[in-house]
Amino acid sequence: MKSSNLGYPRIGEKREWKHALERFWAGDLEETAFLQEMKELRLHHLRKQQEIGIDLIPVGDFSFYDHVLDAAFMFGIVPKRFAQQEMSLRTYFDIARGNDTAVAAEMTKWFNTNYHYIVPEWDDVAPKLIENRPLRLYEEAKEIGIHGKPVLLGPVTLVKLSKGYESFKRAVEALVPLYEQVLSELQEAVWIQIDEPILATDLSDEEFEVLHAAYTKLRKATNSRLILQTYFDSITRYKEVVKLPVDAIGLDFVHDRGENLLSLQQYGFPQEKYLAAGVIDGRNVWRADLKSKQHVLEQLTKIVPNDRLLVQPSASLLHVPVTVKEESLEDTLQNALAFADEKLAEVVLLATGADSAAIEVSSIALQALAASPARNHEAVRKAMQNLPAEVERNSPFTERRELQQARFGLPLLPTTTIGSFPQTAEVRQKRRAWRRGELPDATYQAYIRAEIKKWIEMQEEIGLDVLVHGEFERTDMVEYFGEKLAGFQFTQNGWVQSYGSRCVKPPLIYGDVAFVAPMTVKETLYAQSLVNKPVKGMLTGPITILNWSFVRDDMPRRDVANQIALALREEVEALEDHGIRMIQVDEPALREGLPLKRKHWDSYLADAVYAFKLATTVVRDTTQIHTHMCYSNFEDIIEAIAALDADVISIETSRSHGELIGAFETHTYEKGIGLGVYDIHSPRVPKLSEIERNIARALQVLHPKQIWINPDCGLKTRGIDETVAGLCIMVQAAKRARRQLEAVIQ
């Protein structure tokens, strides 16, 4: 069997990619030097894969920002507001980040992952080939003797992930000749990988006909072998997909719920085609059970000849850290881990034939973790056996709303923020020094208190109605809680890309999750003691902690979510017992965990709603529960959002120019809604007219008493000056809208 890889992490072992990007954006690195650094990093990644022994090494998977943006930019699919600019590196980054005159393109989640892609905007664009990027990167790899496997995002997935086109069919047809040209110029490549993960979703008959017509033409454009690559789930039209005119079909045998293997066994596989079998988990960090993986391959070889099998990860390794070699964890845990490099070694081992010694090593490592005390927490196991069948608030929302309004006395269109304030270089430096033991606890706590006090005063001066403490003690909204709960472990260098240069270090949920001690009470109480206005307690919800972590794979994910919820429930109780009566339990990742197939939605959403309510419904009627969600198609999950029974939900709407509000035009929603009226992912300060437009859009479909005004996400990554300026404009816009509403009401 041959070994293959779908994609490699961009960021580098020490996040060299991130640091180069940010130096370039800051003007500290010239473009020529930036491009050279990136080239050296790309080639280093290729050499590593070659040394590990991968036969089919991907080229073209590297990106300066996002692979969907790369594809759109290559084909000239540029938003109108940037169309007058030269097609340069600056324009590429302006689309992703915005500039002084134009807002950035919308950003949303890549299928059901925590990776964000830039949404291509058609808007009457006539696509054209700007550059054959895969060819350039293929030629670059040849410089070091690597004849790689060019990787392209497929035309159907590219269009399906876009917005602003009038006809899906015509949009794909406009792209196909450009793809034909790209392929025709790649004739030297033996293999070409075309990613169509959209095939794991529910395509209509008409959409599949368009896909079939596209690949019929693409097949004729090249003599290279074409791999049609899918991932993240089983393919929905197996019998039709395997008949497509390509040389290989790439299938996910990890996250497919067994459906891909069942389809192969029921319907067979074309003998003239190769099967690219994704048997190593490309989205999680646990060492593979080589014996079970060998069994999967044995099942496949009953259907597909050995010499027609390509062994590979289930998805691009973009979603996992680079290497375990940079870690120094406790042996039982570290021995059970496999990051990108280790996963590729497992791929090579399976392709060449894993011997009994290798199988024994993997089995011993996994058995040791299973037997560890961390995975056998008696109190947690007992609590899980006694979960209530239903979890509900004491009273319906209509009654709670009146009680809460009487308690808080908030004005129309109350203003607040999502939670975090700028994590300046000084804040990060102090935290690092404290973690290294270079700063005494008392000194560090005094510094955090000073930051909280400074920003409480600043929020009052800006005129916000509901305040937050700023989260200066927190590195990351998941990491902070994971460090304080039992069952979690953190790595030193386990970084993965979230969006742009933003990298996160997901925790490892390796054991039973349990509450240890209050996690947020001290800072929240101090902030509340400084002001008469309400201060929100800030927690991360169970589903977001689950979806933004690397989760143990020896038990159902819903059970892990409920363990987290039980722990958070104790924190909610502690906050309320200390007089905090607004508590925000953020679930920005709720929708991203939604299965790709609608037939699995109800089960996932029911589990998510149960976990959220398990954590939050313990409070009194006068305590107001908030939550926050990131970019989502809210129309898909509006019923689940209502079922959460949160008193206020804040949503991101700025980059989509209020389009998400459209979900509330066709669905009745009675609870409070916090509008994300400006984009915090861009460094630009919003214009008053932009925020007023977003508020006016919401007032067309929502009652004024429902609406809250806030930025679209936390302000942790922004600078102080731009944060204050943006919030001042936001408050000004809210007050102007409030006066107009009050005049009408009177």
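The legends below describe close-up views of a predicted model.

**View 1. Helix α14, residues 356-370, and its length.** The helix has 15 residues, which at 1.5 Å a residue should span 21 Å. The C-alpha atoms at its ends are 21 Å apart, in agreement with that expectation.

**View 2. The buried and exposed residues of α14.** Ala358, Ile359, Ser362, Ser363, Ala365 and Leu369 are buried. Seen down the axis of α14, these buried residues fall within an arc of 160°, so they line one face of the helix. An α-helix has 3.6 residues a turn, so residues three or four places apart point the same way. Ser356 and Gln367 are exposed and sit on the face of α14 turned away from the buried side. The cover over the buried residues of α14 includes the helices α11 (290-301), α12 (331-334) and α13 (340-352), together with the strand β14 (508-514).

**View 3. The salt bridge between Glu121 and Arg81.** The two side chains meet at 2.9 Å, N to O. Glu121 belongs to the loop between β4 (116-118) and α5 (133-142), and Arg81 to the loop between α3 (67-74) and α4 (89-97), so the pair ties together parts that are 40 residues apart in sequence. Glu121 has a relative accessible area of 5% and is therefore buried, whereas Arg81, at 31%, is partly exposed.

**View 4. The salt bridge between Glu207 and Lys160.** The N to O distance in this pair of side chains is 2.7 Å. Because Glu207 lies in helix α8 (residues 205-220) and Lys160 in helix α6 (residues 155-160), the bridge ties together parts that are 47 residues apart in sequence. Glu207 is buried at 15% relative accessibility; Lys160 is partly exposed at 29%.

**View 5. The salt bridge between Lys613 and Glu392.** The side chains meet at 2.9 Å, N to O. Lys613 is part of helix α23 (residues 601-616) and Glu392 is in the loop between α15 (378-385) and α16 (397-408), so parts that are 221 residues apart in sequence are tied together. Here the lysine, Lys613, is buried, with a relative accessible area of 9%. Glu392 is partly exposed, with a relative accessible area of 45%.

**View 6. A network of salt bridges.** Arg375, Arg381, Asp512, Arg552 and Asp554 are linked in this network. Side chains of opposite charge can pair when their charged atoms come close. The structure holds 47 salt bridges.

Notes: Residues numbered from 1 in each chain as written. Predicted model: local features only at pLDDT ≥ 70, side-chain atom pairs only at ≥ 80, totals over all residues. Heavy atoms only, no water. Helix = DSSP H or I, 4+ residues; strand = E, 2+ residues; numbered from the N terminus. Expected span 1.5 Å × (residues − 1). Buried < 20%, exposed > 50% of the residue type's maximum accessible area, 1.4 Å probe, protein only. Arc of directions from axis to C-beta. Contact = heavy atoms within 4.5 Å. Salt bridge = Lys/Arg side-chain N within 4 Å of Asp/Glu carboxyl O.
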